[in-house]
Amino acid sequence: MSGHVAPKSMYYAVFAALIVGTALTVAVAFVDLGPLNNVLMLGIAMTKALLVILFFMHVRWSTRLTWVVVASGFFWLLILFGLTMMDFLTRGWVEGTWR
Amino acid sequence: MRSALSESHRFPKIPSPVAIHRPATHGHEPHHPYLQHHFDSMPQQAEASTLGMWVFLVTEIMFFGGLFMAYLVYRHASPTGFQEASHHLNIYWGAANTAILIISSLTMAFAVRAAQTSQKRQTQVFWLLSTMALGAAFLGIKAIEYYDKFRDHIVPGPYFQWEGLYPKPAEQFYSLYFAMTGLHALHMIIGIGIMTVITIMAWRDTFDSDYYTPVEVAGLYWHFVDIVWIFLFPLLYLIGRHYHAA
């Protein structure tokens, strides 16, 4: 059966990237970049998650069926966050919609 | 439907307890003792198992997603209140826990790889026990953090006391803090329980390159719990830290 056997060096490389990402996140938190702070922190978090999913969880070498199921989970999150915040972020734009 | 038994099989070198209870001959052509009868081949079975675990993980995404959504809404309603509340969290414990979980994901990946490459059981068990130890360390730090909250009276409820400017958002923040990290910690505890079972199986020489799916699938669960924390850490611990020096 086997599946794809990745060299240990790949796992170490991903691990190093994850640690660097964490250090970067903590460092960036102490610098005032305005709205860019949140963008950067979430961007780094998403990159870390992508690395774990693709390489540690082997989705990089999984079938398309698996890939579609994984993607659908995050697509669902997109709908949840997107549509809900679309409501809250536009409150008050039109007369009488504050509550 | 004929099963695809024309490919050669590697049966376990050392007869595991399973081989004793699942004899090679039981009325049809012999197959790997762990091949369930509704599958044609070991690779097909493995793919079905990992797909099944991924479907479960998608339900977990929905489970945690709901709490993240609540966090988004309340943080949007009181951004400065949440910032003030977040400052009371110890960023060093949080960062340490993040590093611990990332290391545990590495050891978990190595445990899967050890089973996948038919390493001897001591190697597999070493990586699995390392993962469990790191998980336990994570929970230990969480216990310390929770104790600090009880000590400082910032546990939502009748004894909640907030000395800052925004007590109501602070209580909302800590409700979400306990709900999210509590649910996450529960998943860690369950994960350690799953790892215990896998470790015992590994010690009994169950896994080799033909059959290591339980390790792979337990790994998927463990990595998922790690990913949830990767998002929890910046959202809970690092809100607007530049306004005060820690």
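How many helices and strands does chain B have? It has seven helices and zero strands. The model described here is predicted.

## Chain B: fold

Read from the N terminus, the elements of chain B run α-α-α-α-α-α-α. Chain B holds 246 residues, and 40% of them are buried.

## Chain B: helix 3 against helix 6

Helix 3 of chain B covers residues 79–86, and helix 6 of chain B covers residues 167–203. Their axes come within 8 Å. The crossing angle is roughly 65 degrees. The crossing of helix 3 of chain B past helix 6 of chain B is right-handed.

Which residues make this contact? Helix 3 of chain B contributes B:Gly81, B:Phe82, B:Glu84, B:Ala85 and B:Ser86. Helix 6 of chain B contributes B:Pro169, B:Ala170, B:Phe173 and B:Tyr174. By class, the residues of the contact are six nonpolar, two polar and one charged.

## Chain A: fold and shape

Chain A has three helices and zero strands. From the N terminus on, the order is α-α-α. Of the 99 residues in chain A, 22% are buried. Among contacts in chain A between residues at least 6 apart in sequence, 40% join residues at least 24 apart.

The radius of gyration of chain A is 19 Å, whereas a compact globule of 99 residues would have one near 13 Å. Along the principal axes, the C-alpha atoms of chain A fill a box of roughly 60 × 40 × 10 Å.

## Chain A: domains

Chain A is divided into two parts: domain 1 spans 1–62 and domain 2 spans 63–99. The centres of domain 1 of chain A and domain 2 of chain A, taken over C-alpha atoms, are 23 Å apart.

## Where the chains meet

In the interface, 41 residues of chain B are in contact with 36 residues of chain A. Three helices of chain B each supply at least two residues of the side that touches chain A: helix 2 (42–77), helix 4 (91–116) and helix 7 (213–237). Which helix of chain B gives the largest share of that side? Helix 2 of chain B does, with 17 residues.

The side of chain B that touches chain A has 27 nonpolar residues. Ten polar and four charged residues complete that side.

Note on methods. Residues are numbered from 1 along each chain as its sequence is written. Chains are lettered from A and ligands numbered from 1 in the order in which they are written. This is a predicted model: local features need pLDDT of at least 70, side-chain atom pairs count only at pLDDT 80 or more; totals for chains, interfaces and linings use all residues. Axes are lines fitted to C-alpha atoms, for helices over the stretch in contact, and angles run from 0 to 180 degrees between N-to-C directions. Helices (H or I, at least four residues) and strands (E, at least two) are DSSP runs, numbered from the N terminus. A crossing is left-handed if the near helix is turned anticlockwise from the far one by less than a right angle, and right-handed if clockwise. Two residues are in contact if their C-beta atoms, placed from the backbone, lie within 7 Å. Ala, Val, Leu, Ile, Met, Phe, Trp, Tyr, Cys and Pro count as nonpolar, Asp, Glu, Lys and Arg as charged, and the others, Gly among them, as polar. A residue is buried if 20 or more other C-beta atoms lie within 10 Å of its own, exposed if 12 or fewer, and partly exposed in between; C-beta atoms are placed from the backbone. Domain bounds come from an automatic or database domain assignment. The radius of gyration is taken over C-alpha atoms; the globule rule is 2.2 Å times the number of residues to the power 0.38.
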